Structures are given as structure tokens and as C-alpha cells.
Number of protein chains: 2
Amino acid sequence: MSVLIVGSTALDSIKTPHAENPRLLGGSASHAAVAASFFAPVKLVGIVGDDFPKKYVTLYKRHRIDLAGLQIQDGKTFHWAGEYEVNMNNRRTLLTELGVFEKFTPHLPAAYKQSPFVLLANIAPALQHHVLDQMARPKFVVADTMDLWLNIALADLLRLLRRLDGFVLNDSEAHQLTQEDNVFAAMKKLHRLGPKYVIIKKGSHGSILSSPKGCFICPAYPLPRVLDPTGAGDSFVGGLMGYLSTARGSIDANIRRAMIYGSVVASFCCEGFGLNRTTRVKRGDIDKRVAELELLTRF
Amino acid sequence: MSVLIVGSTALDSIKTPHAENPRLLGGSASHAAVAASFFAPVKLVGIVGDDFPKKYVTLYKRHRIDLAGLQIQDGKTFHWAGEYEVNMNNRRTLLTELGVFEKFTPHLPAAYKQSPFVLLANIAPALQHHVLDQMARPKFVVADTMDLWLNIALADLLRLLRRLDGFVLNDSEAHQLTQEDNVFAAMKKLHRLGPKYVIIKKGSHGSILSSPKGCFICPAYPLPRVLDPTGAGDSFVGGLMGYLSTARGSIDANIRRAMIYGSVVASFCCEGFGLNRTTRVKRGDIDKRVAELELLTRF
């Protein structure tokens, strides 16, 4: 089955202590879509300006991503610039030029409206709502978010939570939203806000699922070196939804393995700037790391 | 087989946002010894003053801990007082009264010198050396440490590392010692300093082993509430060594499961002040959580 992915499509200029890479393909939807494309057909919903490099359209197409929902408008593509510190955990935003993204209203082509799996990648909750408003009864809806929306669009986000099957957020966002330091206490509170499946991402410490069938402790794939973690969270949830949409059986039967696949795609994402490494990955490379993770966690 | 454990034996006064508990049984050797006692006979080496409460001697004995190596001297028992912040991650020391601990020289009773498994729990590296000097060819020697020794006894510690089979430390200590932010890069450097087995503890994020047979990602047991994390790291390594000393087969065949057992004992430690919860645990409670961890990590 196909996955519908809506989110930001951007150009990222990323600086680390070791290198500087201007105007890479970025944005939550780009990372999530490429990650999901290893497992399932992807339908993308996003917006770019007329400055959007052709090579990035080619890149999407090479991953067989359906671009019927990608709006190309007069103006500039969303441009974000950020800088990481040595430890790769702290980053600061140097520049945010919204461009055409400022007036983005996601329109779903008719063929998109029946998509069974919907990933509302990080984007304003009002836009995530607007996508769901256009959908015919999707089978499984997951949303990601970021601290910005907790600060400026909390009411929209809380209303969205009641429409979701799954909610993915990182540990600091979970803390901010629930006022709970403990992730397991936080997940309990998050369930009460709506979603049956709550996943808290903890960066290099992996992620944790809380679901009707209990918890799952999902490891991160060990990386001795991280080049650029931008988009790792988006890759994680994209890979997760891609895998889940094609796996036979129930969500409960497959979601753990889906997280493992997401975790592995995220590991590739961290090994290169932007999507440089992820786009060179073959399905076999992914399966190999999944097999390694089985060995790394067996006792 | 028995485990020889040397370390601090102290009285801990612990304050959290919820409660205050004066003069609990504490110290690295106390926590490690009780943890190991669930799996193996334990020989304790430590020192207390003549003010050491009888009830704590009774507690050790209830756990069948051999106290031939526990020196009782005129003076005061080592007393530490500390306070935790709301999130239970940051703590500050309010008071350190070394008492008789200041002049501690670990003497090994004759019957201790043949112990095959030796745990050098957190204590000055010079004392850890002194214990090894008295031993006849132990089978497996593991040491724990703390940031204090990195600051004031680094040369002793580096010399100790060359005498160890296994070295256990937490992530911030690993960073301080190797100048590597990345745990996998840090473990590589730590191997070069001597130990074949390196374990980095990450608190609620679990721990990671690097060994001749590869890495193991060990989860922490999920706790929705932590009452007092004091001694959790000592419990982890105590449980690990206790389990390892009685398991059949090679170290490599058993060390992962040993870490899981250590992790579970540490989880009980966090659920009560000092050793209050750990001392009420039965072996069956431990096995139950180990079985749960298998389910929590299976995919």
C-alpha cells in the first residue's frame, strides 16, 4: 500500500565543525519520503519555489516518489540554515526564509485521498488538520511535530492528537507537553490525549514505543561518527511508515520491526550531509543493518 | 563461584524533592554486594566506624555476605549527604565526612585471595591496585570508577586499566577520559587503554558493551517513577558480576545476560531509598523482570 506524506520541502544550509554544505535538499517531507520509498510507493504533498533545483526533482523521481501533490509556485523555496556544535547534539538556527512555504495550503490530488497510510511529517498542526480533512478514512495516521508548534500552536496540536493513531515526538518535546521528566510517565499522559501509539525519540539512545500491546525499546544503530543528524527523526518515521504500509498483518504485529527499519534508515541519514548518504543506500544495505541490530540486542 | 567486592561502605543521607532519608546503608560496595548476593556468595572488603548501625551488619548477613574483610575501626563511618533535583538526573553533594574511610587500606583475609571474580567497585584507584596486589590470579577482574578519580588520580587509574578484564564507567566519565562525545568512538579508545570488556552506563538509557565478540545494546528496565537512583550503577555492576560468577560457560557466552540481570537489579534499586527496595527483592522478582525485558526488546 502507498504512504501519503505531507510536510516541509526545503533547502537546508548546514554547518558543522567539519564542513559547510549549502542548499541541500531538506525538509521533513523530503527526508521522510526518501526513507519511506525504500519500502513502499510514496505520494508527496509539499511546496517549493521556482528556484527549486531540477536535480532535486530528479532525486525524488529516482525514488519513484509521486509528485502530483508537490506545488511549484512563483517565489523562493523554504530555506533553513543551521549550525551544529562539536557534539552534534546542539544546533542553532542561523536563518529561516519561509518563502513560498509561508502561504502553503496542502491540496490533495484526487488519487491521494484514498491513501491508507498517512504521515503528517513536521509542519504546522493546522496544515496537518487540513490534510486529514481531505482524506477518506485512512487506515493509519501518524504525526510528527516539533517544539515550535508546542510554543505557538498548542491548541491546534492538542486537537490534532485526537485524530491520530500514532504520535511521534522527541523526549524534550514529550517533557514540554506533559511536564513529565520520566518518558514512561510522559507516554501515559500522551495516550490520554488521543493516540493509541506513542513513540518517543531519544536520538542516539534510540526510541520507545508505547502501544496497546505494551512497550518496545528500540535501539539506535551504533554509529562511531555522525556527520549530520538533520532529518534523522524524519527518516525514522518515514522508514517506519513505509515498512508498516507494506507489511502483512496487523499494526501491532509489525510496528516494532517498522521502528527498527526506521532506526536503520535514520542511521544512514546521519552518515552524510542532508540526503547525500540516504540516497545512495540500497534495500540490501538496510536489511543488513537490521540483521546486525538483531545481533546487537540479543541476550 | 564467589565474588570478591571491594569499595566504599557508607551511610548516605539522601534528599529528593519528595523525601529526606538520613543515614541509609550506602556506598559502592554495599550496593554491589547486595546486588551480587542474589546470584552468588559474596566476600566484602570495606571499612566502617564503631558508629555503624548493627542493623546494617544484620542486613549484610541476611544476604549471606561474608564480612571477614569488613574492618570495624574506632571512629566514624564514611557519611555522604546529597540532594537530587526534580528530574533525578542532577545531584549535588551536601556533605562528605570521610571518617575511618580516610585511612582505609583494604586487607584481604587469606580465604579471599583465591576469589575467581573480583569487582573493584568505585573507590580510589590506588586501593583498587592494592587489592589486586594481594590476589592470586583471579579469573575475571572488573573495575568501576567515578569522575573524582579522573580528576585527582588519573595516573593511578590509567595504570589500573592495564590490569583489568572489564571496565565500567558512565557516559560522561567516558567522554572526560577519552575526549570523545560518541560512545562507540570512546569505547574504541578505552580498549586501547587495556580492558577487553568496556561497558558504558547511560542511566535510564541503558548501557552498552564493547567486547571481543562485538557490541551489545543493553536496555534499562522501564520505570515510570524513580525514587532514588543512588547506587544504581553499583547495583548494575554488582548484579552483573554476581550472575557472571555462577553462569556456566565462557564470559563471552554470558556477559550480555549478566548485564541484563545487573540492569534489573539496578531498576529495583531506583524504586526505593538506599537499599530499601533492593533488600526486599526475591530472585523470582528479578527473573520476572528479565523475562519482561526479553519481550520489551524483541522484534
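Guide: Let's start with T77(A) and its neighbours: T9(A), A10(A), L11(A), V48(A), G49(A), D51(A), F52(A), E97(A), L98(A) and V100(A) all touch T77(A), leaving aside residues up to four places away in sequence. Touching here means heavy atoms within 4.5 Å. One thing to keep in mind is that this is a predicted model, where local features need pLDDT of at least 70, side-chain atom pairs count only at pLDDT 80 or more, and totals for chains, interfaces and linings use all residues, while side-chain values use heavy atoms, without hydrogens and water. Residues are numbered from 1 along each chain as its sequence is written, with chains lettered from A and ligands numbered from 1 in the order in which they are written.

So where does T77(A) sit? T77(A) has a relative accessible area of 3%, which means it is buried (under 20%; exposed is over 50%, partly exposed in between, with a 1.4 Å probe and protein chains only).

Now compare another loop spot. Q179(A) lies in the loop between α6 (171-178) and α7 (183-192) of chain A, and it counts as exposed because its relative accessibility is 61%. It isn't a glycine, yet its phi is positive, about 60 degrees. Over in chain B, Q179(B) has a positive phi of about 60 degrees as well, and it is exposed at 61% relative accessible area.

The loop with Q179(B) runs between α6 (171-178) and α7 of chain B, so let's follow the chain into that helix. At the start of α7(B), a side-chain oxygen of N182(B) comes within 2.8 Å of the backbone nitrogen of F184(B). The buried residues of α7(B) are V183(B), F184(B), A185(B), A186(B), M187(B) and L190(B). They pack against β10 (166-170), α6, β11 (197-201), β12 (207-211) and β13 of chain B. Just past the end of α7(B), G194(B) takes a positive phi of about 145 degrees.

How do the two chains relate? Turning chain B by 180 degrees, with 0.0 Å of shift along the axis, superposes it on chain A with an RMSD of 0.0 Å (least squares on C-alpha atoms of residues with pLDDT of at least 70 in both copies). That is the relation of a two-fold axis. The C-alpha of chain B nearest this axis belongs to H205(B), 3.1 Å away from it. Both copies use the same surface, as 100% of the contact residues of chain B recur in chain A.

At the interface, 29 residues of chain B are in contact with 29 residues of chain A. Twelve residue pairs are in polar contact across it, both partners at pLDDT 80 or more. On the side of chain B, α7 (183-192), β13 (214-218), α9 (251-270) and α10 (283-297) each supply at least two residues. The largest share, six residues, comes from α10(B).

Definitions and conventions: A polar contact is a pair of N or O atoms within 3.5 Å; within protein, one must be able to donate a hydrogen and the other to accept it, and residues adjacent in sequence count only if both atoms are side-chain atoms. Helices (H or I, at least four residues) and strands (E, at least two) are DSSP runs, numbered from the N terminus.
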